[in-house]
Amino acid sequence: MTTNATHINALRTELKARGLEGFIVPLTDEHMSEYVGSYAERLAWLTGFEGSAGNAAVLQEKAAIFVDGRYTLQVKDQVDETLFEQHHFQEYPLLKWVADNSAKGAKIGYDPELATVAWVQTATAALGKVGASLVAVDENPIDAVWAARPPEPLNAVSLHDDRYAGRSAAQKRADVAEQLRQEGADAAVVAMLDSVAWAFNIRSKDVKNTPVAHAFAVLRSDESATLFINPEKVSGDVRTGLGNKVAIEPRSRFYDHLASLGAEGKTVLVDRDTNNAKIFNALERAGATLIEGQDPCILPKAVKNEVEQQGARDAHLRDGAAITEFLHWLSVEAPKGTVDELSAVAKLWSFRQKRDLLRDNSFDTISAAGPNGAHCHYRVDESTNLPLEPNSLYLVDSGGQYLDGTTDITRTIAVGEPTEEMCENFTRVLKGHIALATARFPKGTPGMALDALARRPLWDAGLDYDHGTGHGVGSYMAVHEGPQRIAKGSSDVPLEPGMILSNEPGYYKAGEYGIRIENLVLVRALEGADAGEPGRDMRGFETLTFAPIDRNLVDTSLLSDAELAWLNAYHKDVWEKISPQVEGDALAWLEVATAPLNT
């Protein structure tokens, strides 16, 4: 348990001094990020919770934390239930909890830099029904009492070479400028860190495992732009590379600049989902005309160009060779009883480090033995580290940041002899994975329309998993990228050729094991006979990830002929694509691991 009671007490004292009865604590930063820098880990400081999705509410007499299904087990391990009630955010939403527990006239604080306008409107209405009010704070009260709060990062910015980006930053901003002119906007505010990185072809290390720079930007209809970033991070070479149409301003001047846009009567494109409420407030107070629309970088960033697509293919082959060597090592060492979760993480990293163009992990490796595998987003440390026991399952979800692509792969491995139940559930997950990998769908289909394909084999047995089936992936960028997703009722964005997503159904049995099979896939336009009737424009997926799927866990009696053919064809591709990059004993192991299965 990592909750520190002195932290919540200090916050309550600060709230009382400010005349607030409560405060909302989201897990995000001023860029609406999923993964945040250490300076913005306010939820972790307050509660001890270290997952990537959650929020909390603190009142003077009680407090609660809210997480999704990925973290219902983790939150119990990390957060003290005597200090924070624990709720699934859908079963008992935060705003309902706050309304249920707030007296008439209560003032509930929030940080407008950590909330969207849509959330503020919803929260104001919810609290208003019980006579409470939502109050914006000028300074986050957690920051006022967080004595050892880390400073904002000062990592240097580098230029992402056009040979990997596929298009120059000037070309990208010219396209954005044209879009702004068509929409009648003078400028657009870009706050998402990966959108800023994409628009300027820059990278940094301001967020762990995600090569982005801590910056805001304003893009204009005349193709000029201002990058708001700590000037110490931008070298002369980078300034030269950005060109004379890009002005560099200190990050601290961002909101003043927004005010000047309003004073000049500018029309500004803003995104309700990615621009924080303080951005809206600054523009509106200054008199700007707002056009609400999507961040103009999001879709072109999500639809990878031909260079990025080929880079993804190449990066996945190198990464697949690293995974193959790791799986071979695991097959030799795990039966000896000498491997634990942490040593496996270190060994996997050593295999990745041998590959060209590698710069980092794409996220903290999920190395989960036995019961830890039931935590969907488990993160190992010294206190939770388990050995890989005989006759158990080991789940490893990992990825690399390569200059030419970002990878994300999960494999579930049988250590010793798996049970019949393990094999049955693994095979049902595999059936769902195959169903999605082989899906054909018409132009305009959103990811949520495909989600049930991956769940059906589990549903048939009364099973399910409480996470999305697929998330978007960037190009040497964020491993979780929007707007594309494959999930229950949560994404109406059509899947377009060039988008990269994960295909990762799973099953998790609390206290025993977890199963997940994840490959990345590229949306492509089907051609010839596969394209459908004239004008239909069918789409499908190209698999990018190539590494063996554990044949020891496959119950072939549960596979149809077509599913078995897919698995054998996939393993044939793994052998042909990966074997040239693997040597020694690992090569012989790979040949066996990819041999065809028979019914």
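Colleague: Across which strands does helix H11 lie, and at what angle to S10?

Modeller: In this predicted model, H11 lies across S8, S10, S11 and S13 and runs at about 25° to S10. Helices (H or I, at least four residues) and strands (E, at least two) are DSSP runs, numbered from the N terminus. Helix H9 (residues 193-200) lies across S8, S10 (216-220), S11 (225-228) and S12, at about 50° to S10. Contact means heavy atoms within 4.5 Å; angles run from 0 to 180 degrees between N-to-C directions of axes fitted to C-alpha atoms, for helices over the stretch in contact.

Colleague: In what order do the 6 strands of the open sheet stand?

Modeller: Strands of a sheet pair through backbone hydrogen bonds, either parallel or antiparallel. Here the order is S12-S11-S10-S8-S13-S14, with mixed pairing (at least two DSSP bridges per pair). S12 (246-249) and S14 (289-292) are the edge strands; each has a single partner, so one side of each lacks a neighbour in the sheet. On average, neighbouring strands are turned by 25° against each other, direction ignored. S8 (residues 187-190) and S13 (residues 267-270) run parallel, joined by 2 bridges; Ala-187 has Val-268 of S13 as its bridge partner.

Colleague: How are H14 and H19 oriented to each other?

Modeller: Helix H14 (residues 306-333) packs against helix H19 (residues 585-593) at about 90°, their axes 9 Å apart. The two are therefore roughly perpendicular (65 to 115 degrees). Thr-324, Glu-325, Leu-327, His-328 and Ser-331 of H14 meet Asp-585, Ala-586, Trp-589 and Leu-590 of H19.

Colleague: How are residues numbered, and which confidence limits apply?

Modeller: Numbering starts from 1 along each chain as its sequence is written. Local features need pLDDT of at least 70 and side-chain atom pairs 80 or more, while totals for chains, interfaces and linings use all residues; side-chain values use heavy atoms, leaving out hydrogens and water.

Definitions and conventions: Angles under 35 degrees count as roughly parallel, over 145 as roughly antiparallel, 65 to 115 as roughly perpendicular and the rest as oblique.
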